[in-house]
Amino acid sequence: MTRSASCHCGQLALTCSGEPTKVSLCHCYDCQRRTGSLFSVAAFFPRSQMVQTSGTAKAYRRQSASGHAVSFHFCTECGSSLWWEPDRMPHLVGVAVGSFADRNFPKPEQAVWTDDQHPWLRFPDDLPAHSRNPVKPTKNK
């Protein structure tokens, strides 16, 4: 399976193969500012599954709420943020789910940074929610 995503004007596009590793909804203030909305929804694919890009992108690098840098790639014409490379997960590339324009795209499996969620915004009760990023279990040696 391949999925195609593009910016608003169509100048910048990418193609991903296979299913995303995870789909996550984020309420952090950084995502709110980036999207101009109350949250963002990201599909994370292994780097090897981002198989093709076309068009001209510009990158913006900043620290994230989790304290790790992220490089965002956006269209030089319309400004749409299409994909990003999180230092916290260097093996993955995040893609804005809305850029796929696919109403059948897999739903988020978690919500993160719910400490920043607008109090009147509600999601299904079965969506796991984390006040920050989920803590990964550590392996005992």
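Which residue takes a positive phi in the hairpin of β6 and β7? In this predicted model, where local features need pLDDT of at least 70, side-chain atom pairs count only at pLDDT 80 or more and totals for chains, interfaces and linings use all residues, that residue is Gly67, with a phi near 90° and 5 residues between the strands. Numbering starts from 1 along each chain as its sequence is written, and side-chain values use heavy atoms, with hydrogens and water left out.

Strands here are DSSP runs of E with at least two residues, numbered from the N terminus, and two of them pair if DSSP finds at least two bridges between them. Strand β6 (residues 57-63) pairs with β7 in the antiparallel sense over 7 bridges, and Tyr60 stands opposite Phe72 of β7. On β8, the bridge partner of Phe72 is Trp84. Strands β7 and β8 are likewise antiparallel, with 5 bridges, and the turn of their hairpin holds Gly79, whose phi is positive at about 85°.

Strand β7 (residues 69-75) is mostly covered, with 6 of its 7 residues buried (under 20% relative accessible area, 1.4 Å probe, protein chains only).

Turning to the interior, a nonpolar core is a set of buried Ala, Val, Leu, Ile, Met, Phe, Trp, Tyr and Cys residues joined through side-chain atoms within 4.5 Å. The largest has 17 residues, and Leu14, Trp83, Val95 and Phe100 have the most contacts inside it. Two or more residues come from each of β2 (13-17), β4 (40-46), β8 (81-86) and β9 (92-96). A second, separate core of 8 residues includes Phe44, Val70, Met89 and Leu92.

Terms used:
Buried means under 20% relative accessible area, exposed over 50%, partly exposed in between (1.4 Å probe, protein chains only). Helices (H or I, at least four residues) and strands (E, at least two) are DSSP runs, numbered from the N terminus.
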